[in-house]
Amino acid sequence: MLNAHLLVGAAGCVLVDTGVAGAAPSVGEALARAGRGWSDLKAIVVTHAHVDHAGSAAELRERSGARVIAHEAEIEHLNGRAPMTLCPTGWFGRLFVRTPLPHERYTPVAPDIVLSGDETLDLAPYGVAGRVRPTPGHTQGSLSVVLEESREALVGDLVASGLMLGGLARLGHAIRPPFELDPRAVGVELGRLADEGIQTFHLGHGGPLGADEVRRHARVLAGSVAGVPHLQRMPPLR
């Protein structure tokens, strides 16, 4: 129930998020369907360090030679040195945080390109007309990819849709993901993207969503508060 997105350009491909550990064969199949191979994958954007978005980053880099892109605020989580803080957004998040998956360890990865503060990155050198930009709120170092020409954005877990993790009904209805560090900051970032002309929002779970639904959700977040934080458990690497 996770969406990882492969952006295919004339001069290369960019993967946005990686799935959990062991997802590399699925990425290889997606490349093949696009008529491409591992050598065509030039960059991997990790929107944040949760296991379902970063779990295969190390293996995918090894297979492809692609450069891993992340924000500096995620580094200590990506390299396995520090746990993340998980703030449940509702009943599902409070149940989910008690299961093993949110705490699953993955092979540590040190990003090749690190964005600092509000720094952005042009993806043109990697074959895609787009830009990576910080959009904090889901986690401190959350990133989004903006495709200005098509007025699309890939926003990771800034917003979800559907029921629970987005694999069921109501895919056109925006909801909060199971965990969210700062809902008001998320609302600001989503509203800013919509105001800048983004019409379609591609999500890590569920979606896609149109700008009007995202604006509605951003207004809801303006009155929301963060859940009670749970420190991510750090089981040993297997």
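The legends below describe an overview and several close-up views of a predicted model.

**Figure 1. Overview of the predicted chain.** The chain holds seven helices and 15 strands. Its radius of gyration is 16 Å, close to the 18 Å that the globule rule gives for 238 residues, so the chain is as compact as a globular protein of that length. Along the principal axes, the C-alpha atoms fill a box of roughly 45 × 45 × 35 Å. Buried residues make up 52% of the 238 in the chain. Of the contacts between residues at least 6 apart in sequence, 70% join residues at least 24 apart. The accessible surface amounts to about 10,500 Å², and carbon and sulfur atoms account for 53% of this surface. The chain carries 22 positive and 25 negative charges, whose mean positions lie 5 Å apart.

**Figure 2. Helix H1 and the elements that cover its buried residues.** Helix H1 spans residues 24–33, and its residues Ala24, Val27, Ala30 and Leu31 are buried. Viewed down the axis of H1, these buried residues fall within an arc of 115°, so they line one face of the helix. Their cover includes strand E1 (5–9), strand E2 (12–16) and helix H3 (57–64). Just after H1, glycine 35 has a positive phi of about 75°.

**Figure 3. Valine 27 and its contacts.** Valine 27 is a residue of helix H1. Its relative accessibility is 7%, and under the 20% limit it therefore counts as buried. With neighbours within four places in sequence left aside, valine 27 is in contact with Leu15, Trp38 and Leu60. Leucine 190 is 163 residues away from valine 27 along the chain, and the C-alpha atoms of the two are separated by 28 Å.

**Figure 4. Helix H3 and its packing.** The residues Ala57, Ala58, Leu60 and Ser64 of H3 are buried. Around the axis they cover an arc of only 165°, which puts them on the same side of H3. The buried residues of H3 pack against E2, H1, strand E3 (41–45), helix H2 (51–54) and strand E4 (67–71).

**Figure 5. Helix H7, its buried side and its exposed residues.** Helix H7 covers residues 211–221, with Ala211, Glu213, Val214, His217, Ala218 and Leu221 as its buried residues. Asp212 and Arg219 are exposed and sit on the face of H7 turned away from its buried side. The packing partners of the buried residues of H7 are strand E12 (174–175), helix H6 (183–195), strand E13 (200–202) and strand E14 (209–210).

Figure 6. Glycine 162 lies in the loop that runs between strand E11 (160–161) and E12. With a relative accessibility of 3%, glycine 162 counts as buried. Glycine 206 is 44 residues from glycine 162 in sequence, and their C-alpha atoms are 5.7 Å apart in space. Proline 208 belongs to the loop between E13 and E14. The peptide bond from glycine 207 to proline 208 is cis, and its omega is near 0°.

**Figure 7. Two loop residues other than glycine with a positive phi.** Most residues other than glycine have a negative phi. Aspartate 17 has a phi near 75°, a positive value in a residue that is not glycine. Aspartate 17 is located in the loop between E2 and H1, and with a relative accessible area of 2% it is buried. Arginine 151 is not a glycine either, and its phi is positive at about 55°. The loop that contains arginine 151 lies between strand E9 (143–147) and strand E10 (152–154). At 48% relative accessibility, arginine 151 counts as partly exposed, because exposed requires over 50%.

Technical notes:
Residues are numbered from 1 along each chain as its sequence is written. This is a predicted model: local features need pLDDT of at least 70, side-chain atom pairs count only at pLDDT 80 or more; totals for chains, interfaces and linings use all residues. Side-chain values use heavy atoms; hydrogens and water are left out. Buried means under 20% relative accessible area, exposed over 50%, partly exposed in between (1.4 Å probe, protein chains only). Helices (H or I, at least four residues) and strands (E, at least two) are DSSP runs, numbered from the N terminus. The arc is that of the directions from the helix axis to the C-beta atoms. Contact means heavy atoms within 4.5 Å. The radius of gyration is taken over C-alpha atoms; the globule rule is 2.2 Å times the number of residues to the power 0.38. Accessible areas come from the Shrake-Rupley method with a 1.4 Å probe; for residues, only the protein chains shown count as cover. Lys and Arg count as positive and Asp and Glu as negative; His and the chain ends are not counted. The place of a charge is taken as NZ of Lys, CZ of Arg, CG of Asp or CD of Glu.
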